[in-house]
Structure formats: structure tokens, C-alpha cells
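Dear colleague,

Please find below the structure that I am handing over to you.

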Amino acid sequence: MRLPPALRAGAAGEAALRAAEVEAERIVALLRIAVALGLMLAMTLALDSVRVVDEPHLRRQIGLAMVTMLSYLAVGVLIYWMIGRGLFKPWMIWLAVFTDCTFLLLNAFLSLVNTGVPGAAIFAMPAVWMAPVVLAFGVLRLSPLRLAVMLVLIAAGFGWMILWQPPEAAPDLVERIRLTLDSPPNFMRLVMLCLAGAVLVVAAVRMRSLLHRSLEEARQKANLTRYLPAQLAERLAGGGLEALQEGRQQQMAILFIDIRGFTSWCEGREPHEVSSLITEFRSRVEDVAGRTSGLIDKYIGDAAMILFEGELAAVRALDCAEGLAAEVAAWFRMREQAGDRGMAAGIGVHWGDVFSGVTGTQERLEYSVFGDTVNTAARLEQLTKEHGMAVIASEALLKQAGVEPARNGWEPLPAEVLRGRSKRLALFGKAQE
């Protein structure tokens with residue numbers, strides 16, 4: 001079963017968002033690899049400045065740090081490979097989030113256990129300085145929820161560690177804490193701070209790129225809506241110009257509405273009065289067309305042409321025709337009370353095959369619908385005056401909409417042989433209430 005246009009647009013938006021999130025995770029995976037390699041290089045340089053590492057707990061600390069960074073590197077490579085092969089799913093981003101937090105908190109806690117210092121000294125551990133890097137990854141993911149979860153987990157983990165006490169206090173506690181503030185650990189802190197800043201620079205560049213793209217798409221859409229209906233402008237902004245330029249044959253409901261008596265009403269009127277009436281008329285047309293998902297193809301003076309395609313197109317066209325008839329009639333009655341008389345509206349609506357497509361260039365585009373169906377709908381609108389009807393619909397439209405004329409108040413009219421046709425066309429009308 002096909003989804004309605006609004007639901008299809010929503011589904012497409014969700015799919016695009018999920019694809020963007022996976023792409024962001026790919027960038028995070030690359031940065032995770034770069035951070036792991038950068039920290040391993042920084043540790044190697046820092047250890048080169050220390051000729052002999054005599055303390056057993058320091059050797060264990062170095063080994064622990066190297067294992068952690070190699071594991072972190074492996075995670076980055078694995079996620080990048082999975083994304084490249086199309087194996088990575090959007091829900092796996094949460095696994096990556098928890099993995100980042102786990103690596104950070106576990107490494108910080110093991111540093112406490114290894115050195116034997118109380119949790120109150122947790123912020124003296126170099127591993128804690130990975131927190132800004134991990135949170136910067138959260139910024140890149142462009143998900144406030146995931147970033148909030150990361151912040152809560154990290155804060156809760158460090159809060160618990162502050163209260164932690166080792167089973168047995170190290171005899172040289174002061175010396176061990178002093179060593180964590182020596183030059184090599186401080187060098188590592190500086191490197192991690194720079195890496196966090198680099199990740200945030202990447203995040204800022206990415207967000208600026210996304211903002212620029214959004215603004216450019218909005219500008220293109222705004223320009224396109226000067227020449228095309230808003231529904232088509234959305235498709236074109238998404239890159240669908242070539243498909244629309246190729247055109248296609250399809251079935252469509254075509255509705256014409258025109259104000260009768262407009263020309264005589266204009267005689268002796270000031271320009272602003274004419275402009276005001278046309279504006280009021282078009283605002284009502286746009287309101288009813290919008291409610292029934294009709295596409296306003298064009299305005300021709302005091303007339304409008306509205307198209308209906310897709311799900312329940314014929315039903316929506318009838319709803320629009322009846323809605324317009326009621327809306328415009330109420331408007332004319334209101335104007336009559338103010339002294340304006342002699343105006344009415346005629347509406348013709350038909351169903352059939354048309355050719356539709358976009359012609360022109362990017363500087364000047366025009367959406368065109370051609371075919372006998374269009375001419376017939378225009379002729380039905382003209383017949384409303386001859387038959388004294390507010391709306392005339394073809395039998396083809398009523399059948400397509402699944403409407404039984406007698407049960408729905410449609411009055412049968414004499415069959416017409418319209419210009420360019422050889423067969424009579426069965427018609428039904430509704431008088432103005």
C-alpha cells in the first residue's frame with residue numbers, strides 16, 4: 001500500500017536523517033583512529049624523555065594505556081570498516097556511544113586501582129583528560145540526546161570514583177600523586193587537550209557546512225517557488241529537475257475556477273480595488289487547495305487552474321471543487337451586502353491522461369500540463385454559465401472518485417460534444433446553494 005504524500009515525505013526525511021547520522025559516525029570513527037594514533041605517538045615521545053621507568057606501577061600504567069589505545073584504535077577501524085561495507089545500522093550508534101564512555105571510565109578507574117591512590121585524586125589521572133575528546137565526539141553526532149546521555153554517564157562515573165577508596169593505601173601515596181603531575185603526564189594532558197580542540201574544529205566545520213547547505217537549499221527553493229508551485233519546488237530543491245524536465249504521461253484531475261461577471265465589475269474601479277479583490281479570491285483558492293493537497297498550476301487573471309495527482313486525486317479534486325464553491329459563494333454574499341453585485345464563480349473538473357513536465361532553464365522554469373483533459377476541464381468551467389451551475393464534473397471524474405451522482409446530489413446534464421471531440425461527454429452539475 002502506498003503511503004500518502006505527507007507520510008512519504010516524513011519517511012524520506014527520517015531516512016535522510018539516519019543516513020546523516022551514520023555519516024557522522026563514520027567521521028567519528030576516523031577521528032577515533034586519529035586520536036588513538038596521536039596518543040600512542042605522544043606517549044612514545046613522552047617516554048623517550050624518561051630513560052628508566054623503575055616504578056612497577058608506572059610500567060603497569062604505561063602498559064594499560066597502550067592496551068587501551070590499541071583497543072580504541074581497533075574499535076575505530078571496525079566501525080569504519082562496517083560503515084564502508086554497509087553493515088553498520090543507525091541503532092549501533094548507541095553502542096559506539098557506550099563504548100566511548102566505557103573506555104574513558106574504565107581506563108580512569110584502572111588508573112586509580114593501579115596507582116593505589118584514593119578517588120579524590122581522580123582528576124590528577126591523565127586518562128581523565130580524554131573526557132573532552134569523548135564529549136566532542138558527541139557534538140559531532142549532532143544528537144542532543146546522545147550527548148546528554150554521554151554527559152550523564154561520564155559525570156556519574158567520575159562522581160562515583162571521587163568517593164572510591166583503595167583497599168590498601170599506597171605507602172608512597174604523595175610520591176605517586178606527584179608523579180602523575182610530572183612532565184610526561186602533563187605532556188599527555190596537553191596532547192589530549194589539543195586533540196579535543198581539533199575534534200571540535202572538525203565539528204564546527206561540519207556544522208557550518210550543514211548550515212551553508214541548508215541555507216543554499218532554502219535559497220534555491222525560494223527562487224524556484226517564484227516560478228513553480230511549492231510542491232514542485234521541494235522536489236527540484238532535492239535534485240529532481242532532470243526527471244521533471246523529461247516529463248511523463250499520467251492520469252490527473254484538472255480543476256478550473258473562474259469569476260463570472262468580473263470584467264463588468266472592473267469597469268470604473270480603482271486599480272487598488274481590483275487588486276484587492278483578486279488577492280482575496282486567490283487567498284481563498286490557496287486555502288481550499290492547500291486543505292485538499294491540490295497543486296495550483298497557474299493563475300490567469302481572475303481564473304485558476306489546480307491539479308490533483310497521487311493518492312485519491314479524484315476524491316480530493318471533488319472535495320476542492322465543492323469547498324471552493326461554498327467558500328467563494330459565502331465571500332460573494334458578503335460582498336453583496338457591501339454593495340458589490342453580479343459576480344459568481346464557475347468550476348469545471350475532469351479526469352484523464354495528461355502530459356506533465358518542467359520546461360525552461362534554472363533561470364526561468366515553468367511547469368506545464370498539456371492534453372485534452374486540460375482543455376476539457378476548461379470547457380466544463382465555461383459550461384457552468386450556460387447551465388446555471390456552480391460546479392460541473394465529468395462522469396469520468398465521478399467514476400474515478402467512486403461517487404454515485406444520484407446519491408451525492410449531482411444533477412445529470414445533457415451530454416456535450418466538446419470542441420475537438422467526436423463523442424459526447426456525460427456531465428453532472430451542482431447548482432449554487
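Helices, as named here, are DSSP runs of at least four residues, numbered from the N terminus. In this predicted model, Arg 284 lies in helix α11, which covers residues 271–291.

Beyond its neighbours within four places in sequence, Arg 284 is in contact with Leu 324, Glu 327, Trp 331 and Met 334. Arg 284 also forms a salt bridge with Glu 280, the closest N and O atoms being 4.0 Å apart. Both residues of this pair lie in helix α11, 4 residues apart, which is about one turn of the helix. Glu 280 has a relative accessible area of 25% and is therefore partly exposed.

As to the protein overall, there are 14 helices and 8 strands. Of its 433 residues, 43% are buried. Among contacts with a separation of 6 or more, 73% are between residues 24 or more positions apart. The protein exposes about 22900 Å², and carbon and sulfur atoms supply 60% of that area.

An unreviewed UniProt entry places the feature "transmembrane region" at several stretches, including residues 62–81 and 93–113. In the model, residues 62–81 are 100% helix and 0% strand, with the end C-alpha atoms 29 Å apart. Residues 93–113 are likewise 100% helix and 0% strand, and their end C-alpha atoms are 30 Å apart.

The charged pairs deserve a paragraph of their own. Side chains of opposite charge can pair when their charged atoms come close. The count comes to 14 salt bridges. One of them joins Arg 32 to Glu 25, with 3.7 Å between the closest N and O atoms, and both of these residues are buried. Arg 32 and Glu 25 also belong to a network of salt bridges that links them with Asp 100 and Arg 141. Another salt bridge is formed by Lys 430 and Glu 322, whose closest N and O atoms are 2.7 Å apart. This pair links distant parts of the chain: Lys 430 is in strand β8 (residues 425–430) and Glu 322 is in helix α12 (residues 313–337), 108 residues apart. Glu 322 is partly exposed, with a relative accessible area of 31%.

On cysteines, a search of the whole structure finds 0 disulfides. Cys 101 is buried, at a relative accessible area of 3%, whereas Cys 266 counts as partly exposed at 21%.

Val 369 is found in strand β5, residues 365–370, and is buried, with a relative accessible area of 8%. Leaving aside neighbours within four places in sequence, the residues in contact with Val 369 include Met 252, Ile 254, Met 305, Leu 307 and Phe 355, together with Asp 297. The C-alpha atom of Val 369 is separated by 8.9 Å from that of Val 358, which is 11 residues away along the chain.

Leu 45 is found in helix α1, residues 5–48, and counts as partly exposed at 47% relative accessibility.

With kind regards

Methods. Residues numbered from 1 in each chain as written. Predicted model: local features only at pLDDT ≥ 70, side-chain atom pairs only at ≥ 80, totals over all residues. Heavy atoms only, no water. Helix = DSSP H or I, 4+ residues; strand = E, 2+ residues; numbered from the N terminus. Buried < 20%, exposed > 50% of the residue type's maximum accessible area, 1.4 Å probe, protein only. Contact = heavy atoms within 4.5 Å. UniProt positions renumbered as here; feature names shortened; annotations may be inferred. Areas by Shrake-Rupley, 256 points an atom, 1.4 Å probe, with all protein chains shown as cover. Disulfide = S-S within 2.5 Å. Salt bridge = Lys/Arg side-chain N within 4 Å of Asp/Glu carboxyl O.
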